[in-house]
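Hi everyone, thanks for coming along. Today I'd like to walk you through one structure, step by step. Please have a look at it first, and then we'll talk.

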Amino acid sequence: MGIREFPGGAPRGKTIAVGMWRSPDVSPRRLSDISPQLRQLKYLVVDEAIKEDLKWSRSVEDLTSGPVGLTSIEERILRITGYYGYQPWAASYKREERPRDSPAQAAAAAEAQAASGTEAGGRTGRFCWRCSRAQLRKAFWGVAVVLCVCASWAGSTQLAKLTFKTFDAPFTLTWFATNWNFLFFPLYYAGHVCKTAEKQSLKQRYRECCRFFGDNGLTLKVFFTKAAPFGVLWTLTNYLYLHAIKKINTTDVSVLFCCNKAFVFLLSWIVLRDRFMGVRIVAAILAIAGIVMMTYADGFHSHSVIGIALVVGSASMSALYKVLFKLLLGSAKFGEAALFLSILGVFNILFITCIPVILYFTKVEYWSSFDDIPWGNLCGFSVLLLTFNIVLNFGIAVTYPTLMSLGIVLSVPVNAVVDHYTSTIVFNEVRVIAIIIIGLGFLLLLLPEEWDVWLIKLLTRLKVRKKEEAAEGSADLGSGLQNKNRRTRPSFAR
């Protein structure tokens, strides 16, 4: 903005030409940059042509309103120069060169502007309000999923502990619960029929999901090369976990199983060549230290050492399952994951059934009669484990994956409270420290890969905001001093 200078100050009533547009890149940002012009703004009168052209700008509309203008002279120049984000010269220039938009384009532009952030004056757009409501709904579902994961995992662990008091057969319990995996795909198809407008037949949906295994679909070769190994890993993971519950308390079992996150990171780093992250290495070290301290908490007795080894083996099998799945099969959609888990149930029925039979006749896992089997506990454990796997695999559709992982950590204090009232567990200092260390390592593993970049951006924003607040404070102080000097001096001289 060009201002015509008058020697000795501008005479009252003269119009100062404001005709040249200035680029926003060179607009002043501090009062010290424009201090020579402040003395002449007392007599500033905007040219009528410019005023008419920029009448939409609030800073120009209010320049001559009232007996002495809008507010102080400093606020006028700060608005005109774009200090508050207003750049009337740039907006007016773009309006002159841009063709007039149609109503539909104007509506689309308004919607895009609302989606990009907040409106002028700090008011949130309608679209942003909808986004925040969607995020709030997703967070609400996240809380529900966390509670569901925590309740199902802790409940299945406690119910398995209760079942072994009358039914000492961990492998048979594993086989019985794995058979329920067959229900994954039928439950998914029922949800597909209820939710999707374009419904497909069961056969069409099955064929579409079979493309996950390749162009030829689910052949016999694919079944034995890609499904059977995961069926073995699934069985080993659950069997070692249940067998460990017989040896040690459920609190130690649940907290030690959280180490599988650290094992997944180490295997992914070695096998999948994932990105190296120092914070995850620290988390893996914390997990290993927690395992050692948990072993030391009971004095390195053979009974507890075997139980801890079984849990660590279960966590290792779980990590190997996840890494191999990503290596051999990649990522699966909901229908493909449901079909894969149902195939694991079929594999368990066809090829694992012989093992419980052999264990029964060899009296390794023996029960006197079928009437003595606690069918209620077996079915309850299977339902809770099925619920846990359903929520863990399909909960990502309604919430964030990190929230679902928190449910596994929250099951540790739940099991600790139950063990405190139902068993003779001793929460000494070593056990408590081991639980805290493993839990901290698990939480560190939940950090996203770009957490350091986000942290740097947050710190930078805080520093910039602090500098802006300090600049505004000094500007207000300088404005007050200049107003005081203007009241004491009758005229200005350059």
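Leaving aside neighbours within four places in sequence, Ser268 is in contact with Arg273, Asp274 and Val323, where contact means heavy atoms within 4.5 Å. Ser268 is found in helix H13. Helices here are DSSP runs (H or I, at least four residues), strands are runs of E with at least two, and both are numbered from the N terminus. Ser268 is buried, with a relative accessible area of 8%. For that word, buried means under 20% relative accessible area, exposed means over 50%, and partly exposed is in between, with a 1.4 Å probe and protein chains only.

A quick word on where this comes from. This is a predicted model, in which local features need pLDDT of at least 70 and side-chain atom pairs count only at pLDDT 80 or more, while totals for chains, interfaces and linings use all residues. Residues are numbered from 1 along each chain as its sequence is written, and side-chain values use heavy atoms, with hydrogens and water left out.

Now the whole chain. How many helices and strands are there in the chain? There are 21 helices and zero strands. Of the 494 residues, 39% are buried. Among contacts with a separation of 6 or more, 78% come from residues 24 or more positions apart.

Back to H13, which covers residues 260–271 and packs with helix H14, residues 278–297. Their axes are 9 Å apart, at an angle of about 130 degrees. Axes are lines fitted to C-alpha atoms, for helices over the stretch in contact, and angles run from 0 to 180 degrees between N-to-C directions. That angle makes H13 oblique to H14: under 35 degrees counts as roughly parallel, over 145 as roughly antiparallel, 65 to 115 as roughly perpendicular, and the rest as oblique. On the H13 side, the residues that meet H14 include Phe263, Leu266 and Trp269. On the H14 side they include Ile281, Ala284 and Ile291. The contact of H13 with H14 has nine nonpolar residues, no polar ones and one charged. Here Ala, Val, Leu, Ile, Met, Phe, Trp, Tyr, Cys and Pro count as nonpolar, Asp, Glu, Lys and Arg as charged, and the others, Gly among them, as polar.

Ile291 also turns up in the surroundings of Ile308. Ile308 sits in helix H15, residues 302–328, and is buried, with a relative accessible area of 5%. Besides Ile291, the contacts of Ile308 outside four places in sequence are Ile248, Leu256, Met294 and Thr295. Ile308 and Ile248 are 60 residues apart along the chain, yet their C-alpha atoms are separated by 7.6 Å.

Helix H8, residues 170–178, and helix H18, residues 375–394, cross at roughly 55 degrees, and their axes come within 9 Å.

Last stop: Lys363, in the loop between helix H17 (354–361) and H18. Is Lys363 buried or exposed? Lys363 is exposed, with a relative accessible area of 60%. Most residues other than glycine have a negative phi. Lys363 has a positive phi of about 60 degrees although it is not a glycine.
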